[in-house]
Amino acid sequence: MQTAPDAISIPSGNAILQVSFYPRPQSDTVIMLHGGPGVPDEMTEVREWLCQTMQVIHFNQRGVDEENCKSCTFTMDDFINDINHIAAWFQIEKFHLFGHSWGGLYAQIYTRYFPGNVLSLFLCSPASGTGKEWEITEKEIFRYNLSRSSVPEILGMAFNTVLGMAGNKSAYRRLFRQIIINYHKGYPVDPPDEEKLKKINSKAGLLTRKEIRKYPELGVFGITTFPVIITYGQFDAYGPSKQFVLDRFPNAAKVIVPKSGHTPWKHNWPEFMRILNAFYGKV
């Protein structure tokens with residue numbers, strides 16, 4: 001396994017994407033799409049496992065670490081084009097997509113327009129949809145965080161939400177710090193990395209969420225020509241809105257990861273590794 005990836009800055013429209021590339025010539029390529037939006041990658045364990053057998057590309061999405069995105073826009077077309085620019089840079093025509101949370105919705109949006117580029121689709125706790133479906137999902141996340149927070153934490157989140165939505169960067173980061181803590185409560189996971197928290201970009205998060213809310217609903221994909229798997233943690237942050245995704249891909253494999261929440265690889269790695277092995281061993 002290569003432990004030090006190639007770090008490459010790739011221009012894409014009005015963004016500079018910071019890409020980590022784990023080369024493995026003659027192997028399939030997987031592009032990884034992290035959650036957020038506007039929040040950096042936390043998929044270290046999955047990335048390290050995948051790069052043992054596949055060529056792996058992961059990148060901080062536009063807006064993560066504001067320094068590389070001072071003039072960025074955040075339309076869904078921008079995000080779609082980012083994937084195409086990365087694939088073109090490495091001269092890759094077809095690839096696997098692995099998306100988590102918002103990244104799982106990002107993967108669905110991309111696949112809607114470029115299904116011929118996709119070799120397989122791994123949707124790990126994917127956000128449920130665009131438009132009104134996104135609004136339902138956000139309400140579920142809100143209720144989940146209330147249920148996982150103490151009274152002082154709830155008051156802190158309310159305070160930081162008001163300031164964060166008004167554009168206060170520090171408050172927005174404090175809000176997401178608490179959200180990350182809530183996702184991992186009850187599991188032996190280290191506290192949020194303060195250096196990563198500094199890369200959270202409130203502008204990217206707020207503007208991307210606005211674009212997702214006004215984007216047309218995705219509807220049903222139907223029977224796909226490539227393998228699809230949808231996984232959720234047994235105690236995931238998403239509630240009934242999960243059914244939107246399950247109905248969207250009627251032929252997908254559907255797996256509940258036991259004893260885990262919204263980031264199952266951090267909560268039950270042996271079981272999640274088994275799921276990864278079973279899926280990628282067949283594609």
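# Close-up views of a predicted model

View 1. Two polar contacts are made by the side chain of H262, one with the side chain of D236 at 2.7 Å and one with the side chain of S101 at 2.8 Å. When residues up to four places away in sequence are not counted, H262 touches H100, S101, S125, Y183, D236, A237, Y238 and H267.

**View 2. S125, a residue touched by H262.** S125 belongs to the loop between β6 (118–124) and α4, and with a relative accessibility of 0% it counts as buried. The phi of S125 is positive, near 45 degrees, although the residue is not a glycine. Such a value deserves a look, because most residues other than glycine have a negative phi.

**View 3. The largest pocket and its lining.** The largest pocket holds about 790 Å³ of space and is lined by 36 residues, among which I141, N145, F176, I179 and Y183 lie nearest its centre. Three helices, α4 (132–147), α5 (151–165) and α6 (169–184), each supply at least two residues of the lining, and the largest share, seven residues, comes from α4. By class, the lining of the largest pocket is made up of 21 nonpolar, eleven polar and four charged residues.

View 4. Rolling a probe the size of a water molecule over the atoms shows where empty space is left. Two cavities of 30 Å³ or more are found in the structure. The largest cavity contains about 50 Å³ of space and is lined by V39, P40, E42, I180, P192, D193, K196, L197 and I200, a lining that divides into six nonpolar and three charged residues, with no polar ones. The second largest cavity contains about 30 Å³, and its lining consists of P37, G38, Q61, R62, V64, F74, F79, W102, A204 and T208. Of these residues, six are nonpolar, three are polar and one is charged.

View 5. P37, one of the residues lining the second largest cavity, is located in the loop between β3 (29–33) and α1 (44–50). The peptide bond that leads from G36 to P37 is cis, with omega near 0 degrees, whereas most peptide bonds are trans.

**View 6. Helix α2 and the residues at its ends.** The 14 residues of α2 should span 20 Å at 1.5 Å a residue, and the end C-alpha atoms are 20 Å apart, which agrees. The buried residues of α2 are M76, D78, F79, I80, D82, I83, I86 and A87. D78 has a relative accessibility of 14% and therefore counts as buried; apart from its neighbours within four places in sequence, D78 is in contact with R62 and T73. T75 sits in the loop between β4 (55–60) and α2 and, at 29% relative accessibility, counts as partly exposed. After α2 comes Q91, whose phi is positive, near 55 degrees.

**View 7. Helix α8 and what covers it.** At the start of α8, a side-chain oxygen of N201 comes to within 3.0 Å of the backbone nitrogen of K203. The buried residues of α8 are S202, A204, G205, T208, R209, E211 and I212, and what covers them includes α2 (76–89), α3 (102–113), α4, α5 and α6. A204 and T208 also belong to the lining of the second largest cavity. An α-helix has 3.6 residues a turn, so residues three or four places apart point the same way.

**View 8. Q26, an exposed residue with a positive phi.** Q26 is found in the loop between β2 (15–22) and β3, where its relative accessibility of 83% makes it count as exposed. Although Q26 is not a glycine, its phi is positive, at about 75 degrees.

How values were computed
Residues are numbered from 1 along each chain as its sequence is written. This is a predicted model: local features need pLDDT of at least 70, side-chain atom pairs count only at pLDDT 80 or more; totals for chains, interfaces and linings use all residues. Side-chain values use heavy atoms; hydrogens and water are left out. On a 1 Å grid over the protein atoms alone, a cavity is a set of points where a 1.4 Å probe fits but cannot get out, and a pocket is an open set with protein on both sides within 12 Å along at least five of seven lines; lining residues have an atom within 4 Å of a point. Grid points are joined across faces, edges and corners, and a volume is the space filled by probe spheres set on the points. Helices (H or I, at least four residues) and strands (E, at least two) are DSSP runs, numbered from the N terminus. Ala, Val, Leu, Ile, Met, Phe, Trp, Tyr, Cys and Pro count as nonpolar, Asp, Glu, Lys and Arg as charged, and the others, Gly among them, as polar. Buried means under 20% relative accessible area, exposed over 50%, partly exposed in between (1.4 Å probe, protein chains only). Contact means heavy atoms within 4.5 Å. A polar contact is a pair of N or O atoms within 3.5 Å; within protein, one must be able to donate a hydrogen and the other to accept it, and residues adjacent in sequence count only if both atoms are side-chain atoms. The expected span of a helix is 1.5 Å times one less than its number of residues.
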